[in-house]
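Subject: Structure for your review

Dear colleague,

Please find below the structure that I am handing over to you. My findings follow directly after it.

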Amino acid sequence: MDLRLKINGSSSRCVILTSVDEKPAIEIDVPDDSFVQLIKKTGGPNIQNCFQCGTCSGSCPAGARTNYLVRGIIRKALLGLKQQCISATELWYCTTCYTCTDRCPQDVKPTDVIKAIRNVAVAEGYMLVPHQKTAQKVLEAGHAVPLDKESWQDLREKVGVERVPPNASRYAEAIEEIKKIAKKTGFDKLVEDKAEK
Amino acid sequence: MAKKSFYHFLGCIIPHRYPSVEKAAKLVFNDLGISLLDMDGATCCPAPGVFGSFDRVTWATIAARNLTIAEAGGHPITTGCNGCFASLWDANHELKHDDELRDKVNENLAEIDREFKGTIEVWHYVDALYQIAGLEKIREKVTRPFTGVRMALHPGCHWMRPKILKQKDDSERPHIFRELCETSGAEYVPYKDELICCGAGGAVRTADVKIALEFTKQKFDSLIAAGGADMIVTPCPFCELQLDAGQVEIQKYFEQEYKFDILHVVELLALAFGHEPDEFGLATHLQYMQRKSEPAWENLGIKVGEH
Ligand code: SF4
Ligand code: SF4
């Protein structure tokens with residue numbers, strides 16, 4: 001998978017923002033709107049409100065330092081260019097700060113649109129390895145940031161709280177419940193280690 | 001009036017990396033006569049930008065499972081983490097308004113004999129302190145005012161955004177967090193990039209820590225351009241981690257040294273209420289542990305050896 005390799009490598013950051021390659025015109029008479037419909041169902045219901053004003057990208061702290069362009073991704077999605085959207089590494093540079101959502105004059109809720117596109121990307125196998133590991137931790141320990149070392153317990157003791165807090169770190173049955181949920185939703189399969197293709 | 005009680009949702013970062021925040025919260029809420037109840041068996045919220053980006057239904061189901069623990073006990077939840085707040089508050093809100101999602105989630109929860117009922121509310125510490133305790137009562141408790149200490153703020157994103165949903169503060173000109181912090185007597189220092197994200201959220205820190213740190217660096221540089229500050233106060237442990245331990249990482253990646261003391265708002269208030277830093281372990285912040293350093297006590301106006 002392209003995406004994984006790119007992110008695993010040392011240059012996960014794309015520094016070249018434009019290219020000299022000649023670009024073909026995007027000639028789409030009737031865009032295939034199945035991707036848009038999928039996004040609407042997955043948590044971005046207002047995507048079609050967008051009139052491309054650019055307020056979102058102009059407000060975006062991720063766009064200010066990476067090749068991530070929220071407006072561009074929304075436009076591509078509206079054009080039905082699904083593969084381009086879900087395979088783009090930069091899709092994962094949005095910090096979900098919601099600044100664009102608070103400023104968008106059309107109530108597109110760009111943050112939610114991006115999250116919906118990420119959902120589609122993950123469902124189709126585009127997931128970064130470190131994200132996969134984080135997800136696996138929740139299934140193993142009940143926590144994305146687990147109490148996984150003796151030294152963290154020592155730290156707790158030092159500040160004067162119980163060595164193990166009353167969360168899933170203490171209650172194994174809580175972790176069992178999370179595993180059952182993940183099995184039911186298929187999330188366990190979604191984030192399990194996959195043989196390199 | 002009966003004593004107000006909240007279920008105390010710890011999440012991951014507070015209990016597992018910044019336990020000083022957990023202890024400080026207990027001191028502050030106790031001083032204000034608000035009970036914090038253990039939330040036995042709560043898990044990861046789960047991280048909204050991470051799990052919400054992977055699979056919305058799984059995210060909502062795990063969040064709903066946490067909510068059912070509080071529903072069973074009949075008390076609202078409070079959390080000191082913007083991320084946990086975003087997950088629990090947003091999931092609670094969405095499940096109360098989106099029947100389709102609620103049906104799916106309850107079908108999943110049936111596997112573990114739970115059901116989301118929608119009977120409780122979720123509060124950030126900031127809102128509980130501001131609305132339930134109230135600024136006046138908080139001011140009365142301040143016995144060690146931070147007079148003359150210059151305080152910059154990092155409110156972070158998710159406790160107030162999206163503003164249309166959260167409906168509590170103007171995210172372009174927020175005042176609630178500032179007013180709460182100002183009860184400590186510290187002097188508020190504005191800087192241009194105060195409202196920019198710390199960079200850690202949305203699974204970015206996990207994907208590419210260097211990009212995440214660039215956000216943080218921008219904030220620091222903006223603060224320095226505004227004349228600097230003696231401390232930065234935040235209502236979120238993930239922001240705290242990014243701003244605190246992030247300084248050590250920035251040094252590694254960008255060879256630039258920053259020395260800011262980063263306090264969670266409940267740590268600020270615990271000190272202002274007269275608690276000694278050792279009572280909740282202020283010096284255990286990862287920045288100090290990794291650098292083998294200490295808070296700049298003098299700048300914070302705290303006499304060492306006084307405790
Ligand atoms: S701010 Fe809203 S309407 Fe404008 S380009 Fe972005 S999403 Fe579209
Ligand atoms: S939520 Fe994401 S897309 Fe929107 S401004 Fe923040 S980083 Fe940019």
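This is a predicted model: local features need pLDDT of at least 70, side-chain atom pairs count only at pLDDT 80 or more; totals for chains, interfaces and linings use all residues.

The overall dimensions of chain B come next. Its C-alpha atoms fill a box of roughly 55 × 50 × 35 Å along the principal axes. A compact globule of 307 residues would have a radius of gyration near 19 Å, and the 19 Å of chain B therefore agrees with that expectation. The chain contains 17 helices and 8 strands.

How much of chain B is buried? Of its 307 residues, 66% are buried, that is, under 20% relative accessible area. As for charge, chain B carries 33 positive and 45 negative side chains, with the centres of the two sets 1 Å apart.

In soluble globular proteins, nonpolar side chains tend to be buried together. The largest nonpolar core here has 145 residues, and those touching the most other members are Tyr68(A), Ile117(A), Ile77(B), Leu129(B), Met231(B) and Val233(B). Helix H4 of chain B, residues 56-73, gives the most to this core, namely 9 residues. Another core, of 14 residues, lies apart from it; Ala152(B), Val189(B), Leu223(B) and Ile262(B) are among its members.

Which residues does Ile117(A) touch, leaving out those up to four places away in sequence? They are Phe35(A), Ile39(A), Ile73(A), Ala77(A), Cys85(A), Ile86(A) and Leu91(A).

Yours sincerely

Note on methods: Residues are numbered from 1 along each chain as its sequence is written. Chains are lettered from A and ligands numbered from 1 in the order in which they are written. Side-chain values use heavy atoms; hydrogens and water are left out. Helices (H or I, at least four residues) and strands (E, at least two) are DSSP runs, numbered from the N terminus. The radius of gyration is taken over C-alpha atoms; the globule rule is 2.2 Å times the number of residues to the power 0.38. Buried means under 20% relative accessible area, exposed over 50%, partly exposed in between (1.4 Å probe, protein chains only). Lys and Arg count as positive and Asp and Glu as negative; His and the chain ends are not counted. The place of a charge is taken as NZ of Lys, CZ of Arg, CG of Asp or CD of Glu. A nonpolar core is a set of buried Ala, Val, Leu, Ile, Met, Phe, Trp, Tyr and Cys residues joined through side-chain atoms within 4.5 Å. Contact means heavy atoms within 4.5 Å.
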